Amino acid sequence: MKDVLILAIESSCDETAASVVKNGREVLSNVISSQIALHTQFGGVVPEIASRKHMERINPVITQALANAKVALADITAVGVTYGPGLVGALLVGVAEAKAVAYGAKKPLVGVHHIEGHVAANFIEHKDLEPPFVCLIVSGGHTHLVIVKGYGEFEIIGRTRDDAAGEAFDKVARAVGLGYPGGPKVDKAARMGNPHAMEFPRAKVAGAPYDFSFSGLKSAVLNYVNHAKMTGDEICVPDVAASFQNAVVEALVSRTILAAKEYGHGKVAIAGGVASNTALRAAMAAACKECGLGFYYPSPVYCTDNAAMIGVAAYYEYQKGTRHGWDLNAVPNLKLGER
Ligand code: KG4
Ligand code: ZN
């Protein structure tokens, strides 16, 4: 059978990325141009700056992805692109580019849901992983517990009622002066801290055992920091980071294991930027081992935003017959499972 080669493009937030993926699971190239340094001075992603930078970087990134994969555009089977959710101006750059490339090269266009991409990142290094399995999706904008019923088929069983896990990491990082990007900095600081130094609250959502709530925890950390500032007490940043992280990890792991036991597919995967958190990976690995569940997680580079995961998701969509027209638009609030 002829190889299926997907050229994938991702530009939903602050990474301009392109990748070539062969037959759904083999990454031939994975080029990521990060804007982190650019946004650091503003303490977070500035949407207008992100869009401009995507415009500057997208052509060189695609050229590099094709060159690294040693394939010509003519050899590509289809072009995959993230069309939502994300920042509208950022998404538009990738979508417009994908349409132009696909139209010019006479290739089919496959729009991909960004979160479907995050989940698909698990297929890259786990060649044996196939649905169904339970997946915890934790990124800057999403916290979802889902059953992956098939490729691109999800049943959402839990979600956050307020902040996303990554958002909580970013806000706490800012409050304790660690800055942007918050998640990796809290992760690093926490390694030197005591996770039981402070007992921050763990919220449960009444009647919804798989739902999350992080705003109470975030407020408790902010109150702690503000109180210390007022009284002139010095805070121990590693202890705050470790105690906060411990509360988040406990909430994420307990609900995921509960879901895995209830829905019983024997397999647990994690996805999204927060899935690269070292404490979460260690705690989930230990809990899965104890319960006899298979545990799957992508390498950190495939947890945070990248185009290889979009290429994998696009491959499975392509095989199912998903094709988008030249009227494909960016959908900033695209829901999971929506086409
Ligand atoms: O998936 P992602 O790259 O982009 C979105 O789709 O949102 O996730 C970014 C989020 C940010 O909130 C970032 O702080 C968080 O993932 N993150 C982490 C770590 N690395 C990235 N959170 C905790 N620990 C990390 N090591
Ligand atoms: Zn993402």
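Modeller: A residue counts as near a molecule if one of its heavy atoms lies within 4 Å of it. By that rule 18 residues surround ligand 1. The closest are His118, Gly140, Asp170, Gly183 and Asp187. This is a predicted model: local features need pLDDT of at least 70, side-chain atom pairs count only at pLDDT 80 or more, and totals for chains, interfaces and linings use all residues. Residues are numbered from 1 along each chain as its sequence is written, chains are lettered from A and ligands numbered from 1 in the order written, and side-chain values use heavy atoms, without hydrogens and water.

Biologist: What classes of residue make up the shell around ligand 1?

Modeller: Ala, Val, Leu, Ile, Met, Phe, Trp, Tyr, Cys and Pro count as nonpolar, Asp, Glu, Lys and Arg as charged, and the others, Gly among them, as polar. The shell around ligand 1 has three nonpolar, twelve polar and three charged residues.

Biologist: Which polar side-chain atom lies 3.1 Å from an oxygen atom of ligand 1?

Modeller: A polar contact is a pair of N or O atoms within 3.5 Å. Here the side-chain atom belongs to His114. Backbone atoms take part too. A polar one of Gly140 is 2.8 Å from a ligand 1 oxygen. For a backbone N or O atom of Gly183, the distance to an oxygen of ligand 1 is 2.9 Å. The protein covers 87% of the 550 Å² of accessible area that ligand 1 has on its own (Shrake-Rupley method, 1.4 Å probe).

Biologist: Where does ligand 1 sit?

Modeller: Rolling a probe the size of a water molecule over the atoms shows where empty space is left. On a 1 Å grid over the protein atoms alone, a cavity is a set of points where a 1.4 Å probe fits but cannot get out; a pocket is an open set with protein on both sides within 12 Å along at least five of seven lines; lining residues have an atom within 4 Å of a point. Ligand 1 sits in the largest pocket (more than half of its atoms lie within 2 Å of the grid points).

Biologist: What volume does the largest pocket have?

Modeller: About 1,100 Å³, taken as the space filled by probe spheres set on the points, which are joined across faces, edges and corners. Of its 39 lining residues, Cys13, Asp14, Ser139, Gly140 and Asp170 are the closest to the centre. H4, helix H6 (165-175) and helix H7 (182-190) each give two or more residues to this lining (helices are DSSP runs of H or I, at least four residues; strands, E, at least two; numbered from the N terminus). H6 has the largest share, six residues. By class, the lining holds 13 nonpolar, 18 polar and eight charged residues.

Biologist: How many cavities of 30 Å³ or more does the search find?

Modeller: Three. About 50 Å³ of space lies in the largest cavity. Its lining includes Glu116, Phe123, Tyr151 and Tyr316. H4 supplies three residues, the largest share. The lining has eight nonpolar, two polar and one charged residues.

Biologist: Which residues does a cis peptide bond with omega of about -5° join?

Modeller: Most residues other than glycine have a negative phi, and most peptide bonds are trans. The bond in question joins Tyr180 and Pro181, and Pro181 is in the loop between H6 and H7. Pro131 and Pro132 are also joined by a cis bond, with omega about 5°. Lys70, not a glycine, has a positive phi of about 60°. Lys70 lies in the loop between helix H2 (47-69) and strand E4 (78-84).

Technical notes: A polar contact is a pair of N or O atoms within 3.5 Å; within protein, one must be able to donate a hydrogen and the other to accept it, and residues adjacent in sequence count only if both atoms are side-chain atoms.
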